[in-house]
Amino acid sequence: MRGSGVLLVLLGASITLNVVLFLRKGEAPPSAPAAAAATEAVAPASAVAADAPEAPAAEAPAAAPVAGDWTVVRTTVEHSIARTMAAVAGEHGDALSAELARLFVWDVDMNRDLQKGDALELAWRLVPPKDYQVAVARFTSGKLGKTFTAYRYQQQGDDYPSYWRPDGTEVPLFLVDGPLKQYEQITSLLKDRPTHKGMDFKVNTGTPVYAPKDGTVLRTNWNWSSNGNCVELQLEDGTIAKFLHLSDTKVKAGERVARGDVIALTGNTGHTTAPHLHYQLERGEGKIVDPLDYHRTDRRALGDAARAAFDAEARRLDALLAATP
Ligand SMILES: [Zn+2]
């Protein structure tokens, strides 16, 4: 997709575009603390994979939004999300379509379910140098006959903002007994790319990594140029668990670990472009296992105390989306 930006823009010219409006300063930011967001200088699309080359730095477009401003897009899908976003956001299209895919992957199969004429609305901004944030996104699927909305909101006590549905349930699933208790975002699922063998979590360096089950440490820090600091566990059921790009390891080969033990701290070592944890599971002969299948999954819901604040924020973000010039 990258490298064919000019083509995409040309294609985009034929795509129906209802409204793109640039909201100027004066719009209140979403609940996410600006300071926390500003420290995250991460390219979502390239944060994840050793196999994903970094996008070349592109020139700023004439209509680039000023930092802090939200750009509201309302459009209809003509072909793919990538083409649709390229049409309305130019060089930012790829990164934004990746963000949207992450938000809607839990409910929609963007390959199979997408139909011409589906409605897509979002408010987004670029926090320099390359952190793309979506305040709210709404997708209406003709095939499924449903509208999906994701509001960015940081619950008190959480380290990061997340995305929540109108009913106060969280958009992404989480892994029960997963390797992290808090993280900013799941940036890559196993099914996203056939060449990538794990699940990636965008998370600040130094975050504790927990053993998902009882097991034994097989090795640490092998193949460093690619994996960086890393830990390999054999879990009690024989499954192999790998944790890559760590800042520090807390265990040694041969050591026994119990479920919930801290085995390492997250980092940005080896072949990686941004702090994240790569979590990979294998069973027999290197057969890759999807963590979403291996772990029980669950979905958080906002408590009563948080609901009033969240509902107010959701109404504010609805108004942001509905704003017209
Ligand atoms: Zn990875």
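Where in the protein does Pro-161 lie? Pro-161 is found in the loop that joins β5 (146-153) to β6 (162-164); helices (H or I, at least four residues) and strands (E, at least two) are DSSP runs, numbered from the N terminus. The structure is a predicted model, in which local features need pLDDT of at least 70, side-chain atom pairs count only at pLDDT 80 or more, and totals for chains, interfaces and linings use all residues. Residues are numbered from 1 along each chain as its sequence is written.

Pro-161 counts as buried because 21 C-beta neighbours lie inside 10 Å. A residue is termed buried if 20 or more other C-beta atoms lie within 10 Å of its own, exposed if 12 or fewer, and partly exposed in between, with C-beta atoms placed from the backbone. Pro-161 is 23 residues from Glu-184 in sequence, and the C-alpha atoms of the two are 7.0 Å apart in space.

In the protein as a whole, the secondary structure comes to seven helices and 18 strands. Of its 325 residues, 37% count as buried.

Two of the helices, α3 (residues 81-89) and α4 (residues 93-104), have axes that come within 8 Å and cross at roughly 130 degrees. Axes are lines fitted to C-alpha atoms, for helices over the stretch in contact, and angles run from 0 to 180 degrees between N-to-C directions. α3 and α4 are therefore oblique to each other, given that angles under 35 degrees count as roughly parallel, over 145 as roughly antiparallel, 65 to 115 as roughly perpendicular and the rest as oblique.

The contact (C-beta atoms, placed from the backbone, within 7 Å) is made on the α3 side by Ile-81, Ala-82, Met-85, Ala-86 and Ala-89. On the α4 side it involves Gly-93, Asp-94, Leu-96, Ser-97, Leu-100 and Ala-101. These residues divide into eight nonpolar, two polar and one charged, where Ala, Val, Leu, Ile, Met, Phe, Trp, Tyr, Cys and Pro count as nonpolar, Asp, Glu, Lys and Arg as charged, and the others, Gly among them, as polar.

Eight of the nine residues of α3 are buried, so α3 is largely enclosed by the rest of the structure. Among them are Arg-83, Thr-84 and Val-88. α3 is followed by Gly-90, which has a positive phi near 55 degrees. Eleven of the twelve residues of α4 are buried, so this helix too is largely enclosed by the rest of the structure; the buried residues include Glu-99, Arg-102 and Phe-104.

Key: Two residues are in contact if their C-beta atoms, placed from the backbone, lie within 7 Å.
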